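Here are a few friendly notes to read alongside the structure. Keep the viewer open and find each element as you go.

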Amino acid sequence: MGVIKKIRRNFADLFKKVFKKQNARIGIYGPPNAGKTTLANRILRDWTGDAMGSVSHVAHETRRARRREGVTIKTNGGSITLDIIDTPGLATKIDFHEFMEQGMDENESKRRAKEATEGVIEAVKWLDNLDGVILVMDATEDPFTQVNVTVIGNMEARSLPLLIAANKVDLPDASASTIRDAFPQHPMVSISALEGKNIDTLYEEIAKRFG
Amino acid sequence: MMQGFQMDLISEHRLSEMAPVEKVRFIIDEVMEGKILVLEKGLSPTEEASLIEMTMTLIEPDGFSGIEMESYPAEVDTSIFGRLLKKNTIKSRLTVIGPADQLKTLRKDRNMISALISTHR
C-alpha cells in the first residue's frame, strides 16, 4: 500500500472515531433464569446471525457480562444500531448448595457460586455505563422481586429509558398483566424469547424507546 | 432465657446522618451479626445497588450466603417542581433487610411485605 493511501486511510479512521455518533448501550437485566441470554441470543440471531452465549436451566449460567457492538435492528419506523450488553443475573444471595441440588459436585458448585458473585458485581457496575435497559421478567413469577425494584429504581433515578420484557408467556402459568399492573409507569411487551412470540413488537418498542 | 432474633427499627433520621458508604457498611455489619433491620425510609436505588455489590464481596462458602432485602417500589416525584427541574426525585420507602438464611419473603406487593423470620441459623 502506498504511503499516501495509508495516510488517507488512517485519517479516515481518525475522522470516524472523532465524529462517529456512539451507539446507545442497552443492558439486558433481570434476576437469574428470567431468560436474559435467551433474549440476547434471539436478538443477535435475528439481526446478526450470531449468538451471545449458552443458556441453561441452572441459575447463573451467565457469569460474565457480554457485549455485542453495532447490532442494527430494522423496524417499520426505520432502523436503530445498538451495543447490547447481556448481564449476569442479579441477586442478593448466592448459596452454592443450590447448585449441588442441581447435580453439580461441591467443588464445581463453589466455583460457580464464586463466579456468580463476581458476575453480580459486574452487572451492578454496568448500571453506570448504560443508556437504557431491557428488564427481563419471568412472567410466571411474582414481579415485585428486589432485583426488579432495584433495577427500575436505578433507571428512574438516572432518568434513563427502561423497557420491560415480560418473558416466558409460552408457559401456562404466565401472567404478563400482573407485571403490567405492578409497574404501569413503564412500557412492557409480553414475549417468549424462546419461541420468538411477539418479538417484532419488542423490536418496534426498542426502536421507539432507545432510538 | 428468652431466645429469638434481634430486630432493629432504624429511623429515617438515624440513616440520614450517614454517608451512603457508611449506611451500606452499617447495614452489612448488622446483618452479618444476624440482625433483622427495618429501615423507616429505606435506601436510594444507588445505595441498594451498592449494598448488593458489597454483599457479593462478602459471600463465603459455608458462611455468609448473602442478604434478603425487600423494599417497596420507590415513588417518583411527579410534582411540577420536579418536572421543572427535569430530574427524577426518587422517594425510597420502608425496607426490610436480614441474613438470607434467616429472613424469607413470603409475599410482596406495592404496599405490603410479608416475611418469615427463622430463629435458627
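1. Let's start where the two chains meet, remembering that this is a predicted model. Helix 4 (residues 106-126) of chain A packs against helix 3 (residues 45-58) of chain B at an angle of about 155°, and their axes are 9 Å apart. An angle over 145 degrees counts as roughly antiparallel, and these two helices are therefore roughly antiparallel to each other. Their crossing is left-handed.

2. Which residues make this contact? From helix 4 of chain A come Thr117(A), Val120(A), Ile121(A) and Val124(A), while helix 3 of chain B brings Ala49(B), Ile52(B), Glu53(B), Met56(B) and Thr57(B). Sorted by class, the contact has six nonpolar, two polar and one charged residues.

3. Now look inside chain A.

4. Chain B has an open sheet of four strands in the order 1-2-6-3, with mixed pairing. Its edge strands are strand 1 (7-10) and strand 3 (67-71), each pairing on one side only. On average, neighbouring strands are turned by 15° against each other, direction ignored.

5. Within that sheet, strand 3 and strand 6 (residues 95-99) of chain B are antiparallel over five bridges, and Glu70(B) has Val96(B) as its bridge partner. Helix 2 (residues 20-32) of chain B packs on the sheet, touching strands 1, 2, 3 and 6, and its direction makes about 50° with that of strand 6.

How values were computed. Residues numbered from 1 in each chain as written. Chains lettered and ligands numbered in written order. Predicted model: local features only at pLDDT ≥ 70, side-chain atom pairs only at ≥ 80, totals over all residues. Axes fitted to C-alpha atoms, helices over the stretch in contact; angles between N-to-C directions. Parallel < 35°, antiparallel > 145°, perpendicular 65-115°, else oblique. Left-handed = near helix turned anticlockwise from the far one by under 90°. Contact = placed C-beta atoms within 7 Å. Nonpolar A, V, L, I, M, F, W, Y, C, P; charged D, E, K, R; others polar. Pairing = 2+ DSSP bridges.
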